[in-house]
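Subject: Handover of a structure

Hello,

I am passing this structure on to you. Please look at it first, then read the notes below.

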Amino acid sequence: MELQFDRGPEGGFAVGTLDALINLGRKHSEWYLLFGTACCAIELMQTGGPRTDADRFGMVFRPTPRQADVMILAGTITYKMASRIRRLYDQMAEPKYVIAMGSCANVGGPFYDSYAVVKGGDLIVPVDVYLAGCPPRPEALLEGLMLIQQKMEREPFFAKASGKLPPPADPWPASARGGAV
Amino acid sequence: MTPVEIKDRLVQVVGEPVEWQAGPADAAFVVAPEKWYAAALALRDLPELDFAFLRTLCGVDRPAANCIEVVAHLFSYKHKHAFVLKTRVGRQAPRLATVSSVWPAANWHERETYDLFGVSFDGHPDLRRLLLPEDWVGHPLCKDYQEPPSYQGIPMMRPARPAMETKG
Amino acid sequence: MSFDLATVLGFVVVSGGLLWVLLLVSRLVRPSAPGAVKESAYECGELPFGPAWFNFNSRFYVVALVFVAFDVQVALAIPVAVVLRGLLAGPDAGFAFAGFFGYLGLMMLTLAYVWRRGDLSWVRDMTRPVGGSRPAGVVAKPEVA
């Protein structure tokens, strides 16, 4: 649902639902969590750099999950890191999204046969967008963030806020987790 | 000093080696596990050797020879010579004296060797896993390591999923 | 005068009201899904341990105190500096002169006091006496038990 803009010679007006208005604000201030585990994090940093400027879309990095909308799983996920990633995801406030960036976060990547590597971020947190690449170029990550923008546009914000949209399926529920660490 | 000269000087302190591997690559002095600590001290403290820098310390699992080899690569900034010191410990409950009091870098290297091979170092101040989670079972770089089917509920193999349908 | 005050009052009402409106609208619109993990302390993904409170170095207190003293003095001196030229040309020139430069002298006195005490250096010089009239180098005799 988009706002319908009617531009006249001296300005104009926009018509739409409240959902559209709120989603307009949400999608132009997509704040991602400043978090990366391996080489994809370098490409993540470059996406915020001058050539592929993510800041012009309103996407700034936030170091704390409380202020972040998107978590980008940039890099290989090890079993030791899995519980920390899950805790960071739990500490983010709704509405939140996850992008799996690169082969390692998609399926375990080139390190699939390793004993220490989790075979994909979606075994830990529910993922919204998968990006192929090793590493994906900054333009590809920007495309992924724009896909999240399109997802935000399609979502009826009030249905999500009021709980009518069910939350995504939890791939790693607390009951399955063993110890605390 | 050439490796042979270093070996001759070391032999004066710890006696003949179990094996002297003088190949085209780094020459290695294989010492018995009981003399590991004495050899380390001698290599560091003798002024003509002066191996103050431990480059790395790690393990090699050799099931054919039924031993785990612990390898230490040393370097001397003063004399610009390098050396390799090895020892062989048994594969069942392997133990070795720690050299973390000789070279502080050995602290984490020995933790890694314990984590991945199971070699426990006597006298180590903080012997616990370094790279793997604290409650991991098994020592992965041993050749007879079996992966558990899952860790804390996360499966070790990616479950087969139906192919996603693509739009457009 | 009264119109200006009414403007200020209007400003206060609008800004305060806007604050409440924004907070109220946010509260009604946003999703709320509290949970134990979500509200736990953030420690980069680790389980938090240890207390979050610790003692600050007391140097910061001294710096803040000195700052407050001089900041207030500067804030009061700036308007005087603007009008001083006009006052010195007028009938109360002597009074203005004495007042302003007395004030300046007081500021210098404060500076001299703080400087002499050694509070201006970040690393305190432990060989100098603090306050007191005892000259440096003379150590008080220890009490004989």
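Chain B: size and make-up

Chain B has a radius of gyration of 20 Å, whereas a compact globule of 168 residues would come near 15 Å (the radius is taken over C-alpha atoms, and the globule rule is 2.2 Å times the number of residues to the power 0.38). The model is predicted, and local features need pLDDT of at least 70, side-chain atom pairs count only at pLDDT 80 or more, and totals for chains, interfaces and linings use all residues. Residues are numbered from 1 along each chain as its sequence is written, while chains are lettered from A and ligands numbered from 1 in the order in which they are written.

The C-alpha trace of chain B spans about 70 × 40 × 30 Å along its principal axes. Chain B holds 3 helices and 9 strands (DSSP runs numbered from the N terminus: helices are H or I, at least four residues, and strands are E, at least two). Their order along the sequence is α-β-β-α-β-β-β-β-α-β-β-β.

Of the 168 residues in chain B, 27% count as buried (a residue is buried with 20 or more other C-beta atoms within 10 Å of its own, exposed with 12 or fewer, and partly exposed in between, the C-beta atoms being placed from the backbone). Among contacts in chain B between residues at least 6 apart in sequence, 51% join residues at least 24 apart (a contact means C-beta atoms, placed from the backbone, within 7 Å).

How the chains meet

Among the 2 pairs of chains that touch, A and B have the most contacts. That contact takes 13 residues from chain B and 18 residues from chain A. The chain B side divides into 7 nonpolar, 2 polar and 4 charged residues (Ala, Val, Leu, Ile, Met, Phe, Trp, Tyr, Cys and Pro count as nonpolar, Asp, Glu, Lys and Arg as charged, and the others, Gly among them, as polar).

Between chains A and C, the contact takes 16 residues from chain A and 11 residues from chain C. On the chain A side, helix 3 and helix 6 (157-161) each supply at least two residues, and the largest share, 6 residues, comes from helix 3. By class, this side of chain A has 8 nonpolar, 2 polar and 6 charged residues. Chains B and C have no contact, and their closest C-alpha atoms lie 13 Å apart.

One residue of chain B

Tyr151(B) lies in strand 8 (residues 150-151) of chain B. Tyr151(B) is buried because 21 other C-beta atoms lie within 10 Å. Not counting residues up to four places away in sequence, Tyr151(B) touches Tyr79(A) and Met156(B).

Helices of chain A

Helix 3 of chain A covers residues 79-91. Its 13 residues should span 18 Å at 1.5 Å a residue, and the end C-alpha atoms are 19 Å apart, which agrees (the expected span is 1.5 Å times one less than the number of residues). The buried residues of helix 3 include Ala82(A), Ile85(A) and Leu88(A). The buried residues of this helix pack against strand 3 (32-33), strand 5 (70-74) and strand 6 (97-101) of chain A, together with strand 9 (154-155) of chain B.

Elsewhere in chain A, Glu43(A), Leu44(A), Gln46(A) and Thr47(A) in helix 2 meet Pro138(A), Leu141(A) and Leu142(A) in helix 5. The residues of this contact divide into 4 nonpolar, 2 polar and 1 charged.

Regards
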